[in-house]
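Subject: Structure for you to look at

Dear colleague,

I am passing on the structure we spoke about, together with some notes on what turned up in it. Please have it open beside you as you read.

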Amino acid sequence: MAQAASKTCEICISATGSQYCLECEQYFCENCKTFHSRQKISKTHQFQSSSDVIPEGKSKCKDHNEDFSFVCKTCNVVVCSSCVTGSHTGHAFSKLMDSITQLKEKNTIYLRRKIQQSTQNMKQIEEGIKEFDVKVAEVVKAITNEGTKLKAMVDKCVAGMISSVNDQFRREKDKLTKIMADIRMDLKAGSDLDKQIYELDKVRNDGNLLKSLQKLTDDIAKLTIKPIPEFPYIKYTAKSATDNDVKQLFGNYIISEMRTQQTMNRERELPSPKSDYKQEVNPKERGRYLYKCNKCG
């Protein structure tokens, strides 16, 4: 707002009117303002710096050119004393200054009450957020611990299966190793007999050679070649597991949505279903059942 020329105090008419009384619509110097504030009738008047608010003039009744002094409660308008006995005869009135003072006090109390309520609401929300954070952290920790426990169980199961496979593998391998050792012995015996044949080819043909060949024939007949056994086999068939199967190993968590007063009011206004069936809303049952019979459960 543009600055206006300095005014003169309208009381002492000598000093500069640096203060402006909003109720009296007059300029006051500092000394006159102090005296004005001490008077019983004007101690509640509000002042403002004349450089901040420069009024255009006093509020006057256009019909009687008088200052507004009353409020017509019937018409809810400000009136002068002439209006009281004129066009507003018989109406209910209150003093303008009393109405202004009461309205200021009412607005102040009402505003402070709302500010106090907002402050309490904000404090409750802050405490609720902190508590919600703690509970979420506890749920996350519980899920993590459950996952760790299940991982340990899986690792233990895997280690047990691998150990069982290795034990059976060693037993079957030992059997195959023994069979191979027997075959090596048979091969050595055959090799020894083959050497005897070679040595007997150098001996002259006589009765002793015949006896040796007959004995060699018996030894060859005793030499047995064991058949190859049926080899053991190993095969692993994995179960077809889905993400949902893994989720079934875990517990369930429930987190409700925030509901405002408007949401709860709308829920109250919703009509109840005209049916013998009640929709199932239990989070644990959701996805499994849609309705619940009120008669048989």
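Phe47 is buried, at a relative accessible area of 18%, where buried means under 20% relative accessible area, exposed over 50% and partly exposed in between, with a 1.4 Å probe and protein chains only. Before going further, please note that this is a predicted model, in which local features need pLDDT of at least 70 and side-chain atom pairs count only at pLDDT 80 or more, while totals for chains, interfaces and linings use all residues. Residues are numbered from 1 along each chain as its sequence is written, and side-chain values use heavy atoms, with hydrogens and water left out.

The structure holds two aromatic pairs, a pair being rings of Phe, Tyr and Trp (its six-membered ring) whose centres lie within 6.5 Å, with planes under 30 degrees apart called stacked, over 60 edge-to-face and the rest tilted. Phe28 belongs to strand β2 (residues 26-28) and Phe47 to strand β3 (residues 47-49), so the pair ties together parts 19 residues apart in sequence; helices (H or I, at least four residues) and strands (E, at least two) are DSSP runs, numbered from the N terminus. Phe28 is also buried, at 2% relative accessibility.

Both residues belong to the largest nonpolar core, whose six residues are Cys9, Cys21, Phe28, Cys29, Cys32 and Phe47; such a core is a set of buried Ala, Val, Leu, Ile, Met, Phe, Trp, Tyr and Cys residues joined through side-chain atoms within 4.5 Å. Apart from this core lies another, of five residues, including Cys61, Val79, Cys80 and Cys83.

Turning to the sheet, three strands form an open arrangement in the order β5-β4-β6, with antiparallel pairing, where two strands pair if DSSP finds at least two bridges between them. β5 (77-79) and β6 (93-95) stand at the edges with a single partner strand each, so one side of each has no neighbour in the sheet. Three bridges join β4 (residues 70-72) to β5, and Cys72 stands opposite Val77 in β5.

Finally, the buried residues of helix α3, among them Leu96, Gly147 and Leu200, pack against β4, β5, β6 and α4 (207-222), contact meaning heavy atoms within 4.5 Å.

With best wishes
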